[in-house]
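Trainee: I'm new to this one and would like a close look at a single part, the place where the two chains meet. Could you walk me through it?

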Amino acid sequence: MQATLLQRMDGTARRFVPLGVTLILMLFALTPTYIPGLANITPMYALMAVYFWAIYRPDLLGYGATFSIGVLEDLVAGTPLGSGALVLLLCQRVVFHQQKFFNNKPFGVIWLAFATVAVGAGLLRWLCVGLVAPSGFTPIGQTFTSILMSVAMYPVVGWFLAKSHMKLLAQDA
Amino acid sequence: MRLPTGQISRLGTLKSLLQRFAYLSLIGLTGALMLVGKADTVLVERARDAVTDAVAPVLRVMSEPAAVISNFVNNLRELAAIREENAALREANARLLQWQSVAQKLETENKSLRDLTALVPEPSATFVTARVIADTGGAFAQSILITAGQSGGVKKGQVVMTGEGLVGRVMQAGLYSARVLLITDINSRIPVQVGEAGNRAILAGDNSLRPRLLFLGNASAAAPGDKIVTSGDAEAFPPGIPIGQVSRVDEGVVEVEPFVVRDKIQHVRVADYGLAGILAQEIAAAKEK
């Protein structure tokens, strides 16, 4: 039986869920939270989403999409252009290459691996920004705070990402 | 039609080669973007303006729920402390009434002295009020996006503040949105006056919540509690805008606690003091007379 137009449209729309969710998380990182003390340490939400989809749906968030999200983030957040995209692309590549390792691993392991990726991503971003920005290197302490915040927030964001993934799978079946 | 196994594996190799090529091109592109960003700032600034304008409506909608929740929590907190606050306000009111009479006296005196010295009046400012829709506070940049741009009269370099004090300066103005460089950003340098003695210094951000004083003759010229206001040097800011107070003096490092509490900024005022421009005209006009 041939798929109807509506079904085909639905299928196409579903393929964009990972991109859409990553985009929303990236913008969410920019919205003011009004939580005292949190204003100047934003977790790397976009990295969490790229990491998650690279493990569970590498087919639905490709390099092109990740690059676009990184560049968009740099443009809107006012960070040196290209630095965010470079870090996201490298992290995605690392996870793609370790696909076997991530297979059927419990959440604890995935979380620990994210912590490793986040440390690498944070330090690389710090290096890129420091080399490119006219103001030079920023205090590294804040980069570590941001890494810690990202690791702490991963279970919450991961839960939200897993929910959207479940929705996708339920419709796939 | 079925392809022979050899052909399939060759197709697979070609596909993975293509993917690797695409990946390497994208990595190269990020490097190129970084170089472009360093070399051609005007082009990148235009791109930022356009993208920020396009994303602003989305950010505006997304920032709404957080603002509503924050206001609700604040209301609850205020309700709980309403009695104490009432007493404190009464006391403050009595004190302010006293100050009001002092101010009135000083104003009359000031006016008569100005008349005596024929002082050229400072240009008055025009204000635009805007909502904060994004706070890009991260370890690498400290700026906010606001809902007013060139179409509302906002221009690069204008002064941004709240009722409490200085927030920062317009760093880039799109048509409908603008980016404000906060005083805590590592790129922010503001000429300031310290305490009653009015010692000159530069307030420099370092991406933390507390900017520092640079070029203050000697650190002992500042003590915790000293008020910091803009000095008006270099004509980037008008003199006398409150910024914060010295919170810590430690081995030559002077930290300043800004009056504006970062996580409470919901609306800001963008002030056009028409600095240098208007001043120059007035000087010219005064010379003609």
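Before we get there, what pLDDT does chain B average, and what share of the residues score at least 70?

Mentor: Happy to. Keep in mind that this is a predicted model. Chain B averages a pLDDT of 84, and 91% of the residues score at least 70. Within chain B, strand β5 (residues 178–182) has the highest confidence, with a mean of 93, while helix α4 (residues 275–288) of chain B has the lowest, at 42. Residues 277–289 of chain B come out with a pLDDT below 50, and beyond near neighbours in sequence that stretch has four contacts in the model. Where pLDDT is low, the predicted coordinates should not be read in detail. For the complex, the predictor gives an ipTM of 0.85 and a pTM of 0.82.

Now to the meeting place. Chain A puts 40 residues into the contact, and chain B puts in 45. On the chain B side, the elements giving two or more residues are α1 (5–39), α2 (41–80) and β1 (126–135) of chain B. The largest share of that side, twelve residues, comes from α2(B). Sorted by class, the chain B side has 22 nonpolar, 15 polar and eight charged residues.

Let's zoom in on α2(B) and one of its partners. Helix α4 (residues 63–77) of chain A has an axis that comes within 8 Å of the axis of α2(B), and the two cross at roughly 95°. Because of that angle, α4(A) counts as roughly perpendicular to α2(B). Which residues do the touching? From α4(A) come L72(A), L75(A) and V76(A), and they meet A47(B), R48(B), V51(B), T52(B) and V55(B) in α2(B). This helix pair's contact is made of six nonpolar residues, one polar and one charged.

There's also a nonpolar core to look at while you're on chain A. The largest one has 97 residues, and A46(A) and Y51(A) have the most contacts inside it. Helix α3 (residues 45–56) of chain A gives this core its largest share, eleven residues. Leaving out residues up to four places away in sequence, A46(A) touches T22(A), L25(A), M26(A), A29(A), I69(A), E73(A) and L88(A). In soluble globular proteins, nonpolar side chains tend to be buried together.

So, back at the contact itself, the crossing to find is α4(A) over α2(B), at roughly 95°.

Definitions and conventions. Residues are numbered from 1 along each chain as its sequence is written. Chains are lettered from A and ligands numbered from 1 in the order in which they are written. This is a predicted model: local features need pLDDT of at least 70, side-chain atom pairs count only at pLDDT 80 or more; totals for chains, interfaces and linings use all residues. Two residues are in contact if their C-beta atoms, placed from the backbone, lie within 7 Å. Helices (H or I, at least four residues) and strands (E, at least two) are DSSP runs, numbered from the N terminus. Ala, Val, Leu, Ile, Met, Phe, Trp, Tyr, Cys and Pro count as nonpolar, Asp, Glu, Lys and Arg as charged, and the others, Gly among them, as polar. pLDDT is the predictor's confidence in each residue, from 0 to 100. A nonpolar core is a set of buried Ala, Val, Leu, Ile, Met, Phe, Trp, Tyr and Cys residues joined through C-beta atoms within 7 Å. A residue is buried if 20 or more other C-beta atoms lie within 10 Å of its own, exposed if 12 or fewer, and partly exposed in between; C-beta atoms are placed from the backbone. Axes are lines fitted to C-alpha atoms, for helices over the stretch in contact, and angles run from 0 to 180 degrees between N-to-C directions. Angles under 35 degrees count as roughly parallel, over 145 as roughly antiparallel, 65 to 115 as roughly perpendicular and the rest as oblique.
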